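Subject: Handing over the model

Hello,

Here is the structure I promised to pass on. Please have a look at it first, and then read my notes below.

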Amino acid sequence: MELFIDITLLTFLCITAMAITVIRKLFCAVMLASIFSLLCACLFVTMDAVDVAFTEAAVGSGISTVLMLAALNLTHSREKRPPHQPLVALLVVGVTGIVLMYGTMDLPVFGDAAAPIHHHVAPRYIEQSPLEVGPPNFVTSILASYRGYDTLAETIVIFTAGLSVIALLGIRDRYAGRPIPSDRSAMKDYVVLRIVAKMLMPFVFLFALYVQFHGDYGAGGGFQAGVIFASGVIIHSLTLGRDRTLKAFPHQFLRGLATVGVLIYGGTGLASILRGGNFLDYSVLAATQLKGQHLGIFLVELGVGLTVFSIMILMYYAFSYRREP
Amino acid sequence: MNHLPVFQVLLPLLGAPLCLLVRRGTLSWLVATLASWGGLAISLALLHHVSHTGPITYNLGNWPAPWGITYHVDALNAFVLLIVTTVAALTLPYALQSVNLEISEENRPLFYTLLLICLAGLLGIVITGDAFNMYVFLELSSLSAYALIGLGKRRRALTAAFQYLVMGTIGATFILIGIGLLYSLTGTLNIQDLASRIALIPASAYGHRTLITAFAFLTVGFSLKLALFPLHLWLPNAYTYAPSVVTVFLAATATKVAVYMLLRFSFSILGSRFVFEQLTLGKIMLLPSLAAIIIASLVAIFQYDIKRMLAYSSVAQIGYMTLGISLHSHTGLMAGILHMFNHALMKGALFMAMGAVSYRVGSVYLTDFRGLGRRMPLTMAAFVLGGLSLMGVPLTAGFISKWFLVKAALEIGWWSVTAIILIGSLLAVIYIWRVVETAYFNPLHEIEHGQEEAPLGLLIPLWVLVGANLYFGIDTSIPVDMASWAASALLEGTMQ
Amino acid sequence: MNLAGHYNYWVAIFLMMTGFYVVISRGNLIKKLIGLNLFSTSVFILYISLGKIHGATAPIADDRFQLYSNPVPHVLILTAIVVGVATTAVGLALITRIYEQYGSIEEDDIRIKDESL
C-alpha cells in the first residue's frame with residue numbers, strides 16, 4: 001500500500017513537472033507549481049516528515065503561490081514562445097543528471113535502517129532529546145535547541161527577504177493618520193465568499209495559536225504558525241478589503257514586530273550568555289536543565305512566529321499596494 | 001572573553017535589526033559603523049588568540065561537536081575573517097556620503113540593515129565549523145547581496161541582480177546537493193567529523209562514487225559563487241550596476257569568501273590527497289584559471305564603463321587565486337591565499353576611487369575621466385597607486401602575491417604558466433593605462449572645472465586602503481607569514 | 001545498487017533536472033523562478049528520502065513506537081524551505097520592478113531594450 005501511494009505520488013509529480021515546462025500561460029504554471037508543492041507535501045507525509053510536509057504545504061503551495069499571483073497581477077501573464085531549440089540547456093541538464101545518478105548508485109537503498117546516516121549523530125537525538133531537551137517532537141528539539149543557531153539564521157533570512165522586498169518595492173502608507181475611505185474590496189459582491197471567510201477566520205487564528213504552542217508535541221512550530229496567522233490576515237484582506245487590514249496592522253507596526261521577533265530570538269541567546277552559558281544554551285535560563293530548555297524553546301519559537309507573521313504580511317502589502325495611484 | 005567567536009557574527013547579525021529600529025539614515029549608519037569596527041576588533045583579537053594558543057572552538061547552545069553547531073577558528077579562517085572585517089570597517093565610514101547621494105532617504109536604514117546582514121552572512125560562512133550552517137549563512141549573505149545590487153540607480157541594476165539571483169541560487173542548490181550527499185555517506189555535518197569519517201572510506205569501496213559526485217557538485221557550486229571563468233557571467237553586471245558602496249564591499253569580500261569555502265571543502269573535508277591525487281582538481285582548475293587570466297583581462301581592455309572594466313579584472317584576479325590552488329604546492333596555495341588579502345586591498349581601493357569619481361561626475365565612463373587628473377588629483381593618484389598594485393609593480397602588495405605565484409609555477413617547472421601570469425600583468429598595464437592616459441593626458445574640451453576633489457569622508461578610507469597596498473608591498477612579513485601558516489595548516493589535511 | 005531501492009532518488013533527480021532545465025532554457029523571468037522552485041523542492045525530496053526508514057514512524061516520541069525516521073534531514077529541509085521562499089520573494093520583487101522599468105519580463109526583450117540605448 002505504502003509503495004503504491006509512493007509511486008502514484010511520484011508519477012503525479014513527474015506529470016506536473018513536465019506540464020510546467022511546456023505550458024506557456026503563466027497563471028497555469030503558477031497553479032501547477034502550487035499543486036507540485038502540495039503533492040510534495042503528501043510525499044513528505046508518506047516519508048514520515050510531517051513537519052516538513054506541513055511547512056511545504058503552507059509555504060510552497062500557500063505563501064509562494066500568493067506572492068507569485070500577486071507578481072503576475074503586476075506584470076505579464078503569458079510567456080513568449082522560446083525562440084530556439086535549447087540544445088545546450090538539454091546537454092547541461094543531461095550531464096548534470098547523469099553525474100547525479102552516478103552518485104546515487106553508492107547511496108544506501110531507500111528506507112534502509114542500516115544506512116550510516118541513521119547511525120552516527122541521529123540516534124542521540126532520538127534517545128536523549130526527551131531527557132536533555134524535553135519536547136517529544138525530535139524535530140522541534142533539534143530545530144530549536146541542538147541546531148537552534150541555524151534557526152536563528154533562518155529567521156534572519158526571512159527577515160532579510162521582507163526588508164529586501166520593502167526596499168525594492170516600497171510600501172506607501174496612504175492612510176497614515178487619516179480615516180480610511182469606504183470599503184472598496186474587489187470581492188465585495190461575493191457574499192458567500194465573504195461570509196465563509198469571516199466564519200473561517202477565528203478557526204484559522206485558533207489553529208495558528210495551536211500550532212504555535214503545540215509544536216513541542218506534534219507537528220508545527222513558530223514558523224508554520226506565523227505563516228498560518230498571516231494567511232488568515234491575507235484572507236481577511238482579500239475578502240473584506242485591504243485598507244481595513246492595513247488599518248488593523250499598519251506596516252510600521254509590522255516592521256517593528258518583525259524586528260522584535262528577531263531580537264527576542266537573539267535576546268534569548270544573549271540571556272544565556274549573561275547567565276553564564278554559551279550562546280543559545282537554554283539550560284541555564286531556569287533552575288533545571290529541562291525547564292530552561294522549555295523556556296528557551298518557547299521564547300525562540302515565539303520570536304520566529306512574530307517575525308514570520310509580520311514579514312509575510314509586509315511582503316503581501318508590498319506586492320498588493322504596488323500599483324496604486 | 002571566551003565568547004569572542006560568537007560575537008564576531010552576532011555583532012552585525014543583531015546590529016542589523018537595531019539599525020532598522022532607529023529609522024534614521026545617519027543613526028543607522030552609526031550603528032552599522034560601530035558594529036563593523038567592533039567586528040574588526042574581534043577578528044584581530046581572534047587572530048592574536050589563534051596564533052598564540054592554537055585553534056578556538058565554540059559550541060553554540062553548549063551542545064558538543066557532532067550534535068550541535070560549533071564554531072571553529074583556525075589559521076585560515078582567522079585570516080579570512082580579518083580580510084572581511086577590515087574591508088567592512090573601511091567601507092562603512094566611506095558609505096555615509098556615497099549612500100546619501102545614491103540611495104533614497106526612506107531606504108537608507110534598510111540599506112544599512114541589509115549591508116550588516118550581508119557582512120554577518122559572510123562572517124558566518126567563514127567562522128562556522130558546520131557544513132549546513134555554512135549553507136544557511138551563504139544564502140543569508142547572497143540574499144542581502146541580491147537586494148543591495150538591485151538598489152542601484154540604473155535600471156540594469158535590477159536585471160543584474162536577478163541574473164545573480166538565478167545563478168547564485170543554482171550554485172547554492174548545487175552546494176546543498178553536495179552537502180546532502182556527504183551527509184548521506186557519513187551521517188554528520190560537522191566539518192572535522194566529516195573529514196575523519198570520509199577519510200575512512202577507501203578508494204575502491206562502496207560510497208566512493210557518491211563522494212566523487214558530491215565533490216563535483218560542490219566544486220561547480222563554489223565556482224559559480226566565486227565567479228570562476230566561464231561561470232562568471234553574473235559578476236560584471238552585478239559589480240557595474242550596484243551602488244558604489246555595495247560594489248566596494250562585495251568585490252573585496254564575497255568572492256574571497258567563496259574561495260575560502262572551496263579551500264575548506266577541498267582540503268579540510270575531502271582531504272587534499274583525495275581531491276588532488278585522485279580527482280585531479282589541480283588539472284581541472286588550471287585551464288579555467290588560465291583562461292580567466294587571459295580572456296577576462298582582454299575583455300577588460302575593451303570596456304568603456306570603468307566599473308565594468310574593473311569587474312572583468314576581478315574575474316581575472318580570481319583566476320590568479322584559483323591558479324595558486326591548482327598548482328597544489330605549499331607556495332602555490334600560499335600565493336592564492338595571499339592574493340585573497342592583496343586583491344581585497346587593491347580592488348577595494350580601486351572601486352572606492354570609482355565611487356569617488358561617480359560622486360563628483362555622476363558616471364564612470366572612460367570619457368568622464370578626461371582631465372580628472374587635475375580636477376580630482378587625490379582620487380586619481382589613489383587610482384594610479386591601486387592600479388600599480390593590480391599590475392603587480394614592485395613595492396606594492398600586488399607584486400608580492402604575483403611573485404609567489406611565479407615562484408610556485410617555476411618550482412614545478414611550468415614555464416608556460418609563468419608566461420601567462422606575466423602576460424596577465426601586461427594586459428592589466430594596458431587597461432589601467434587607458435584610464436590614466438585619459439585622466440592625465442587628455443585635455444578637457446569643456447571649460448576648465450577647477451579642482452573638485454571628492455569629500456574627505458570618501459578620500460580617507462580610500463587612502464587608508466592605498467596606504468595598505470603600499471605598506472604591505474614593503475613590509476611583507478605579516479600577510480606572508482599568515483598565508484604561509486594557513487597554507488601549511490590546510491596541506492596537513494585536517495583543520496589544525 | 002538495485003532498481004527497486006533507488007527509484008525514489010532517481011525520480012527526485014528527474015524532477016530536479018526538469019526544474020533546472022526550466023531555469024536555464026526559458027527566457028521568461030517568472031518561469032525561471034518557478035523552475036528554480038521546482039529544482040530546490042526536488043532536492044528536498046532527495047533529502048527526505050535519505051532520512052526515511054522502512055517501517056518507521058514520524059519522529060515524535062511515543063511509547064507505542066520504537067523505530068523513528070531520521071529527524072535531521074527534516075530539520076535541514078525546514079530551513080531550506082524558508083530559504084527558498086525568501087529567494088522567491090526577492091526574485092518576484094525584482095521581476096516586478098523590471099517589468100515597470102522595461103515593460104517586459106522576457107529576457108530577449110530586455111536585452112534588446114538595453115542594447116538600443
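First, the conventions. This is a predicted model, so local features need pLDDT of at least 70 and side-chain atom pairs count only at pLDDT 80 or more, while totals for chains, interfaces and linings use all residues. Residues are numbered from 1 along each chain as its sequence is written, chains are lettered from A and ligands numbered from 1 in the order in which they are written, and side-chain values use heavy atoms, with hydrogens and water left out.

**Chain A**

Chain A has 12 helices and zero strands; both are DSSP runs numbered from the N terminus, helices being H or I with at least four residues and strands E with at least two. The C-alpha trace of chain A spans about 60 × 55 × 35 Å along its principal axes.

**Chain C with chain A**

Here 77 residues of chain C meet 92 residues of chain A, where contact means heavy atoms within 4.5 Å. The two chains bury about 7700 Å² between them, and carbon and sulfur atoms give 77% of that. Buried area is the accessible area (1.4 Å probe) that two parts lose on being put together, summed over both.

Part of the picture is a helix pair: α3 of chain A (residues 50–74) packs with α3 of chain C (residues 71–102) at an angle of about 0°, their axes 10 Å apart. Axes are lines fitted to C-alpha atoms, for helices over the stretch in contact, and angles run from 0 to 180 degrees between N-to-C directions. The two helices are therefore roughly parallel to each other (angles under 35 degrees count as roughly parallel, over 145 as roughly antiparallel, 65 to 115 as roughly perpendicular and the rest as oblique). Among the residues in this contact are A:V59, A:I63 and A:L67 from α3(A), and C:I81, C:V85 and C:L92 from α3(C). By class, the contact has 14 nonpolar, five polar and two charged residues. Ala, Val, Leu, Ile, Met, Phe, Trp, Tyr, Cys and Pro count as nonpolar, Asp, Glu, Lys and Arg as charged, and the others, Gly among them, as polar.

**Chain C with chain B**

In this interface, 36 residues of chain C touch 27 residues of chain B. About 2800 Å² is buried between the two chains, 80% of it on carbon and sulfur atoms. C:Y47, C:L76 and C:L94 supply 19% of the area that chain C buries against chain B, more than any other three residues.

**Salt bridges**

How many salt bridges are there over all chains? The count is 12, taking a side-chain nitrogen of Lys or Arg within 4 Å of a carboxyl oxygen of Asp or Glu. Chains C and A have one between them, and A:D48 pairs with C:K52 at 3.0 Å between the closest N and O atoms. Chains C and B also have one; B:R156 and C:D114 form a salt bridge at 3.3 Å. B:R209 and A:D106 meet in another, at 2.8 Å, N to O. B:R209 lies in helix α8 of chain B and A:D106 in the loop between α4 and α5 of chain A, so the pair joins two chains.

**A helix pair in chain B**

Helices α4 (residues 108–127) and α5 (residues 131–150) of chain B pack at about 150°, with axes 8 Å apart. That makes α4(B) roughly antiparallel to α5(B). Their contact has 15 nonpolar, four polar and no charged residues.

Best wishes
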